[in-house]
Structures are given as structure tokens and as C-alpha cells.
Amino acid sequence: MRSIAACGGFLMARPPRWQATLDASIEEVCLAVRLYNDPAETRSFEGFVVHMHLAWLYLLHAEFIRDGVDYRYWDDRYKKRLLRVDGEPKLWELERCAKERWTDPTDPMAANLRLFIRLRNRLEHRHAHADAALMLNLAGHSHALLINYETELTAGFGADRSLALRLRVPLFVGTFTSQGEHALRQFRKTLPTDLNGLLTDYFTDLGDKVTNDSRFEFRLRATVELAPKDPDAVAIQFTHLNDMTDDEKAAVERMGHKGQVIIRDRRQPISGMGMLSGKAATDEVQAGLPYRFNANHFTAAYKRLNARPGRGAPDPDHTNPDWCVYDEPTGWYRYTKGYVKYLTKKCGTPEGFEEVTGLKARRKP
């Protein structure tokens, strides 16, 4: 039975528990869009990412409140004791919320959201140039992030909460001139190397099925309409590709050869990329130590650390995947850079060397 509260002599239904959290979420998304569309903001993309992060966090929290999901962290050491931060219960962060909401890690909406979670962790202390370059390179992904939010919002809380009633299409100058198109293409290439590498690696791991989905990256073709204005039409109209005839789709494909196109460099799959053979791993550890480190030391280390089974083991694939991976076609083992770093650090002292290998450390001549 819904509770009621007195207000000015009238009885009013008390708002649901999730209402305040949902209102905060919508406020955050409106602020994020305002920052994104404000040309006077030197770090507008960073502001967009931060506030969209909060908007999604509050939206999923509102869903959990509505559905009775406990999104608090509990102390594993004591029964019925919550983990607290400054006296307040510690709540699930956005990444944990997303795992609860999307059990399929290949879902395009989840993949898009994870991209921006990673970006938020990398955007701090960036200068305005990187911010502007990221905005240009990730324009389609930013639109998808917003549209996915709208989809989640209206599906969960009703069409009357649609952002279409709050947001407006901004005025802009895009690639309607050849000069503007050339300037955008040149500026896109100025993205810092580390951020470009982050995006390339992330996109490569997802596969074409996800990256070509509009829920991961939203793409638009803009054309100037020459027909007389329809009194019932809005200034900017959207037509979904699935609603077009085959001839219309073909025309759009032809248009795509001339408009603004974002091209991402993709690394083709390479077996064992970033992995090391046993000899290469041994040589790298040896180069980083003041002690002798040879194949015998390397073998002793992986046995003592249980990094991989010994030769002839019935289950050769039972490795520590953070350190070692079994390659079935060749029957060889490949070792990670992380394993090399671990050995180099641990064997840097005589005590650590003996702990890892079981052998005494001997200085290089």
C-alpha cells in the first residue's frame, strides 16, 4: 500500500524511493550534454565523460532500488556488517553495476559503457588539445553513450521521462565545406600516442560484431534538405537504416564514400602477440639482474611458483594465465611480460632469488 503525505491540506502520494536517485541521474546527463555542446569549455569532453559516468551510475542505482537489489558492499570478515567510507555504506561503482546489469560482456551497450569507464580513468591531468582530439575521434561513441542512456531510461521508467523533452539539437558547422572536412581529418591525427593505443587495443579486442553495432558507435549521415518544409516536421529528422528501402540504403552507401569517415587502425590477430618464449623470457630476466640467471633458474622458478605444469603433465593447459599460456598447436609455453617483471623484481635480492628458485644467487662476473 503506497504511503501518503499531507501537503497544504491535501493528501499526496509519497514519491517512490528511487525517485531522488533518478532525478539526480537526469540532472547529470543534462549537464554532461551542455558541457559537450559548449564551445567555450576548454575541457568539454572530459566534463561530458565525468558527468555521463555519474548519470549512468545513478540510473543503475535507481533501477536496483526499484528492483530490490542490494548494491552495497558487505564486509567478508564479519556477518551483517557493511563496508563503510566516511561512515556511509560503500556502494557499487559503475563497473560493478554494469556487470550486474549486463551479464553478457559482448553486449554493445555494455562495451560502449566500459570504454568510457576506462577513458575516465585516463582523462585526468590531460591538456585541452587531447580533450578536443578525443572528442573528434569518439563523437560516434559519445552519441551512442547518450542514446543508450535514453533507451535504458525510457525502458525502465517510462517514455514521459525521455530526454527528447529536455535536450535540443545544437547548431553546428560540420563537414559541409571541403575546408572544414580537411581541417577535421588533419586534427583527428593529433590524438596522443598513448590514448590512440588505448583505443586501438580496446576496439581490436571487441571484434567487428560489436564495433559495427550502432549501440557501440552511433553514426549519422547529414544532408541538406531542399524540399519544401513539411508543417508537421521538425527541423532535423532522423531515419533509421532499417526503415529504408534497398534503393535508399544503396544511395546512403554511395554517399558514405564522400562524407566524413572515421577510420580506426586495427591490428590483425597474431598468435602469441606480446608473449615470450622461455629463452626470451630468461634473457630478459638475466638482463635485469645483477646475478646469473639461466635456463636452470627459470625452470626451477616456474616449478616453485606453479606458473605451469612440468613436461609430460597430463593437463599441460593448467597454467597460471597471468604468467604463462600453453600453445596447443606447437606444444610450447609462452610467458607474459608480467611474469618477467615479477621474476626480475623478486630475484633482485639474494633472499628473493633463493625464495623463487631455491638456489643461491651468484653475482655476474
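This is a predicted model: local features need pLDDT of at least 70, side-chain atom pairs count only at pLDDT 80 or more; totals for chains, interfaces and linings use all residues.

Colleague: What makes Trp 18 and Phe 157 an aromatic pair, and why is the pair called tilted?

Modeller: Their ring centres are 4.8 Å apart, and a pair needs centres within 6.5 Å. The planes make an angle of 50 degrees. Stacked needs under 30 degrees and edge-to-face over 60, so the remaining label, tilted, applies.

Colleague: Which parts of the chain does this pair tie together?

Modeller: Trp 18 is in the loop between strand 2 (10-13) and helix 1, while Phe 157 is in helix 6, so the pair ties together parts 139 residues apart in sequence. Phe 157 has a relative accessible area of 10% and therefore counts as buried too. A search of the whole structure gives 16 aromatic pairs.

Colleague: Why is the pair of Phe 298 and Tyr 302 called edge-to-face?

Modeller: The angle between the planes is 75 degrees, and the label applies over 60. The centres are 6.3 Å apart, which is within the 6.5 Å limit.

Colleague: How far apart along helix 12 are Phe 298 and Tyr 302?

Modeller: They are 4 residues apart, so about one helical turn separates them. Phe 298 is buried, with a relative accessible area of 4%, and Tyr 302 is buried at 6%. Both belong to a cluster linked by ring pairs, together with Trp 323, Tyr 335, Tyr 339 and Tyr 342.

Colleague: How do you know that Arg 308 lies over the face of Tyr 302?

Modeller: Arg 308 is 4.1 Å from the ring centre, and the distance limit is within 6 Å. The charged end of Lys 90 passes the distance limit as well, sitting over the ring of Tyr 73 at 5.2 Å from its centre.

Colleague: Is Tyr 149 buried or exposed?

Modeller: Tyr 149 is buried, because its relative accessible area is 0% and buried means under 20%. Tyr 149 lies in helix 6 (residues 139-157).

Colleague: Which residues does Tyr 149 touch, leaving out those up to four places away in sequence?

Modeller: Tyr 149 touches Ser 25, Ile 26, Val 29, Met 52, Ala 55, Trp 56, Leu 59 and Leu 163. Trp 56 is 93 residues from Tyr 149 along the chain, yet their C-alpha atoms are separated by 7.1 Å.

Colleague: Which residues touch the most other members of the largest nonpolar core?

Modeller: They are Phe 45, Phe 48, Met 52, Trp 56 and Tyr 149, in a core of 51 residues. Among the elements that give two or more residues to this core are helix 1 (19-36), helix 3 (94-101), helix 5 (128-137) and helix 8 (193-206). Helix 2 gives the most, with 12 residues. Another core lies apart from this one and has 20 residues, including Leu 276, Phe 298, Ala 307 and Val 340. In soluble globular proteins, nonpolar side chains tend to be buried together.

Colleague: Why is Asn 112 called buried?

Modeller: Its relative accessible area is 0%, so Asn 112 falls on the buried side of the limit of under 20%. Asn 112 has its place in helix 4 (residues 108-123). Its contacts beyond four places in sequence are His 141, Ala 144, Leu 145, Asn 148, Arg 215 and Phe 216.

Colleague: Where is Asn 306, and what makes it exposed?

Modeller: Asn 306 is in the loop between helix 12 (295-304) and strand 5 (324-327). Its relative accessible area is 59%, so Asn 306 is exposed. Asn 306 also has a positive phi of about 55 degrees, although it is not a glycine.

Colleague: How many helices and strands does the protein have?

Modeller: The protein has 14 helices and 6 strands. Buried residues make up 35% of its 365 residues.

Methods. Residues are numbered from 1 along each chain as its sequence is written. Side-chain values use heavy atoms; hydrogens and water are left out. Buried means under 20% relative accessible area, exposed over 50%, partly exposed in between (1.4 Å probe, protein chains only). Contact means heavy atoms within 4.5 Å. A nonpolar core is a set of buried Ala, Val, Leu, Ile, Met, Phe, Trp, Tyr and Cys residues joined through side-chain atoms within 4.5 Å. Rings of Phe, Tyr and Trp (its six-membered ring) pair if their centres lie within 6.5 Å; planes under 30 degrees apart count as stacked, over 60 as edge-to-face and the rest as tilted. A charge sits over a ring if NZ of Lys or CZ of Arg is within 6 Å of the ring centre and within 35 degrees of the ring normal.
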